[in-house]
Amino acid sequence: MNIRLARIAVIAFILTVVLVPIYWLATTSLKSNREITQEGTLYPHAPTIDNYLRLFSEKNFGAYLTNSLVVTAASVSIALVLGTLGAYAIARFRLRFGLEHKIGLLLLTLRIVPPVVILIPVYLLMLRLGLLNKWLGLIITYTAFNITLCVWMMESFFREIPVDLEEAAMVDGDSRFGAFRRITLPLAAPGMAATAIFAVIVTFNEFMFALALTATPKAMTMPRGTATLIGRIDTDWASMAAAGMIGALPIVIFALLVQRHLVRGLTMGAVK
C-alpha cells in the first residue's frame with residue numbers, strides 16, 4: 001500500500017511539474033496585461049483572444065511563424081537526406097585507420113561545442129556571402145548543425161539492420177543503392193522519424209543564430225520575432241504568452257504525426 005501511494009505521489013509530482021507551466025502559459029495568454037502585472041490572478045477573470053488577434057494584426061507574427069516553418073522544414077529535410085546517406089556509408093563501409101568507428105565520436109564532439117564559439121565566424125561568412133536577413137542563410141547554418149545530429153543518430157540504426165538483407169537483395173540482381181532504397185531505408189524509417197523530431201525541435205526553437213543573422217520580419221523566425229515583444233520600457237506579456245502557445249502547436253502536431261515511428265525508433269536505440 002505504501003509503495004502504491006509513493007508511486008501515486010511521484011506521478012502526481014511529475015504531472016504537476018510538467019502541466020503547471022503549460023496551464024500558466026495558456027491562462028496568461030487569455031488575460032490582459034493589467035491582469036497579469038497588477039492583479040496576478042490564478043485564472044483569467046475576463047478571458048479574451050485579443051492577444052492572439054493582435055499578434056497577427058499588429059506584431060507580424062504570421063511572418064515570423066511562416067519563416068520558422070519554412071526554414072525548419074528545409075534545413076531538417078536537407079540534413080536528414082545528407083545525414084542518412086553519410087550515416088549509411090559510415091555503418092556499411094570500411095575506412096582507413098578504422099575511422100568509421102571514430103567519426104561518430106568526432107561528430108558528437110562538434111555537436112556539443114557551444115554555438116556562441118562559432119557565432120562570429122558564421123556571421124562574417126553570411127555577411128560575405130550576402131545571406132544576412134535571408135532564409136537561405138538560416139537554412140545553410142541550421143543544416144550544418146543538423147547534419148552532425150542526423151549522422152550520429154542514424155548510424156546506430158543502420159548498424160542494427162542486418163547486412164544479410166542487403167546482400168540477399170543484391171544476389172537477386174539489385175544494385176547497392178537499390179537495396180538501400182528498397183530494403184534498408186524502410187527498415188530505418190523509425191530512426192529517421194526519431195532523428196527528424198529531435199532536429200525539428202532544436203531548429204524550431206533556435207534563437208542565437210536567428211538573433212545574429214536576421215533583423216527584419218522578412219526573415220525573423222518565431223523565437224526571434226517573439227523577442228521583439230520585449231521593449232525597453234514595457235513588455236507585452238500577454239502577447240508573449242499567446243506567441244508561446246501558437247509556437248508550440250507545430251511541434252506538438254509534428255510529434256503526434258510521427259508518434260508511432262518515434263516510440264519505435266527510441267526503443268530501437270536511436271538515443272545512445
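Asp236 and Arg54 meet through their side chains in a salt bridge, with N to O at 3.4 Å. The model is predicted. Asp236 sits in the loop between helix H12 (222-227) and helix H13 (237-257), while Arg54 belongs to helix H3 (residues 50-58), so this pair ties together parts that are 182 residues apart in sequence. Both Asp236 and Arg54 are buried. For Asp236, the relative accessibility is 10%, which is why it counts as buried; the cut-off is under 20%.

Asp236 has another partner. Lys59 forms a salt bridge with Asp236, and the closest N and O atoms are 4.0 Å apart. This pair also links distant parts of the chain. Lys59 lies in the loop between H3 and H4, and Asp236 in the loop between H12 and H13, 177 residues apart. Lys59 is partly exposed, because its relative accessible area is 27%. Shared partners join Arg54, Lys59 and Asp236 into one salt-bridge network.

Side chains of opposite charge can pair when their charged atoms come close. The count for this model comes to five salt bridges. One of them pairs Arg92 with Glu166, the closest N and O atoms being 2.8 Å apart. Arg92 is in helix H4 and Glu166 in helix H8 (residues 163-171), so the pair ties together parts that are 74 residues apart in sequence. Arg92 is buried, with a relative accessible area of 14%. Glu166 has 0% relative accessibility, so it counts as buried.

Now turn to the rings. A search of the whole structure finds seven aromatic pairs. In one of them, Phe61 and Tyr64, the ring centres are 6.5 Å apart and the planes stand at 90°, so the pair is edge-to-face. Phe61 and Tyr64 both lie in helix H4 (residues 61-92). They are three residues apart, about one turn of the helix. Phe61 counts as buried because its relative accessibility is 1%. Tyr64 is buried, with a relative accessible area of 4%.

Phe158 and Phe180 make another pair, with ring centres 6.1 Å apart and planes at 50°, so this pair is tilted. Here distant parts of the chain are linked: Phe158 is in helix H7 and Phe180 in helix H9 (residues 176-187), 22 residues apart. At 0% relative accessibility, Phe158 counts as buried. Phe180 is buried too, at 5% relative accessible area. Ring pairs also bring in other residues, linking Tyr88, Phe158, Phe177 and Phe180 into a cluster.

Helix H7 (residues 135-160) also holds Thr148. Thr148 is buried, with a relative accessible area of 13%. Leaving aside residues up to four places away in sequence, Thr148 touches Leu107 and Arg111.

The buried residues of H10 include Pro190, Gly191, Ala193, Ile197, Val200 and Phe204.

The last stop is a surface feature. Val10, Ile11, Phe13, Ile14, Leu15, Val17, Val18, Leu19 and Ile22 make a nonpolar surface patch of about 850 Å². Leu19, one of these, is placed in helix H1 (residues 2-28). Leu19 counts as partly exposed because its relative accessibility is 48%.

Note on methods
Residues are numbered from 1 along each chain as its sequence is written. This is a predicted model: local features need pLDDT of at least 70, side-chain atom pairs count only at pLDDT 80 or more; totals for chains, interfaces and linings use all residues. Side-chain values use heavy atoms; hydrogens and water are left out. Helices (H or I, at least four residues) and strands (E, at least two) are DSSP runs, numbered from the N terminus. Buried means under 20% relative accessible area, exposed over 50%, partly exposed in between (1.4 Å probe, protein chains only). Contact means heavy atoms within 4.5 Å. Patches are made of residues with over 30% relative accessible area and no salt bridge: like charges are joined within 9 Å, nonpolar side chains (Val, Leu, Ile, Met, Phe, Trp, Tyr) within 5 Å. Accessible areas come from the Shrake-Rupley method with a 1.4 Å probe; for residues, only the protein chains shown count as cover. Rings of Phe, Tyr and Trp (its six-membered ring) pair if their centres lie within 6.5 Å; planes under 30 degrees apart count as stacked, over 60 as edge-to-face and the rest as tilted.
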